[in-house]
Amino acid sequence: MPRLIDPPEDGSVINLDDLIDWCESTAFDPTCEEGLAAAAPMLRALSRNRDFLADHAIAELKTRCADQRRTNPYSAQVVLLHPPTDGYVLRAAFWPAAQDHVVRMSGQAAFLYHVPHDHGFDFLTVGYLGPGYGSDYYEYEQDDVAGADGEPVTLRFVERSHLEEGRMLLYRANRDIHAQLPPASLSVSLNILASAPDQGWRRQYRFDPARGIIDQCMTVASAQLLLELAVGSGSGDALDLAHDFALRHPADPMRLTAWRAIGAALTDDAARRDHLERGASASSPLIRHASRSRLVQIGREKPCPDALLAVG
């Protein structure tokens, strides 16, 4: 499960600017787990400040949330406390109770309640207000999986606990899984997220513990969508680029996207089959998994003109 952090309870209190100044200093290194953990005393000191978040919210409301609309890439569940930088993000997250109006109107899935998932980044969190969301915690080993939809994965259940006020956890990227449970009443957490230069390519997964699989990858880079659009438009240049990406792109998800786009552009059943068979021995783990899975699926289907349309 996430690493439990227990900073000294010295009663110190800081304001938001103090935390921002510290994060902007050389004392903070969010590129590694220990560097992020070093921020624990500062984040805990901010969490003892019972006024700063209300003051921040009021200031935002006075400008009709201009800063949030300009810099916040998250849903309305999240308030940015500082514009994102190349190294970190400061935010507050709101966790409504099951009986709250917003949950009854939007459904629990909108808040990822009861959805087992990991994160593609390390982050430090502390309970700021309320009893805190609950979590069923699991662990897995990222090195043991390619990250394909439907891929078997060994999940180890750890415990169920809540992020109550003052409790601090460090979530480890692509290792800690939690299925969040609605709190008994509205709760708030404060987060410091690590934001790496390659963050756009880091993957987040939804899991199915009952079946022991990766249910689905939850992230898609905009470049993947652009490539699919370009190849789908029939551009020869785009197809050439897809072939290059499928062989040499440093991000495996993009290699898979390129491979699938190439397969979707093929019009001959035999060519599609050959494409899959070559993919089954590709150097890319995702291409291998997708191609082998599709070949198995085809073997179970009755031959028909549409049988080979999908590559993965």
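Predicted model: local features only at pLDDT ≥ 70, side-chain atom pairs only at ≥ 80, totals over all residues.
Local features were taken only at pLDDT of at least 70 and side-chain atom pairs only at pLDDT 80 or more, whereas totals for chains, interfaces and linings use all residues. Residues are numbered from 1 along each chain as its sequence is written, and side-chain values use heavy atoms, with hydrogens and water left out.

Helices (H or I, at least four residues) and strands (E, at least two) are DSSP runs numbered from the N terminus. Three strands form an open sheet in the order β6-β5-β8, with antiparallel pairing; two strands count as paired if DSSP finds at least two bridges between them. Strands β6 (156–162) and β8 (176–181) each have a single partner strand and stand at the edges, so one side of each lacks a neighbour in the sheet. From one strand to the next, the twist averages 20 degrees (axes are lines fitted to C-alpha atoms, and angles run from 0 to 180 degrees between N-to-C directions).

Strand β5 (residues 134–139) is joined to β6 by six bridges. Within this pairing, D136 has R160 as its bridge partner, and Y137 lies opposite E159. Six bridges also connect β5 with β8, where G134 stands opposite L181. Six of the six residues of β5 are buried (under 20% relative accessible area with a 1.4 Å probe, protein chains only; exposed is over 50%, partly exposed in between). G134, D136 and Y138 point one way, and S135, Y137 and E139 the other.

Helix α9 (residues 252–265) spans 20 Å from its first C-alpha to its last, close to the 20 Å expected for its 14 residues, where the expected span is 1.5 Å times one less than the number of residues. Of these 14 residues, 11 are buried, so α9 is largely enclosed by the rest of the structure. The buried residues include R255, W259 and I262.
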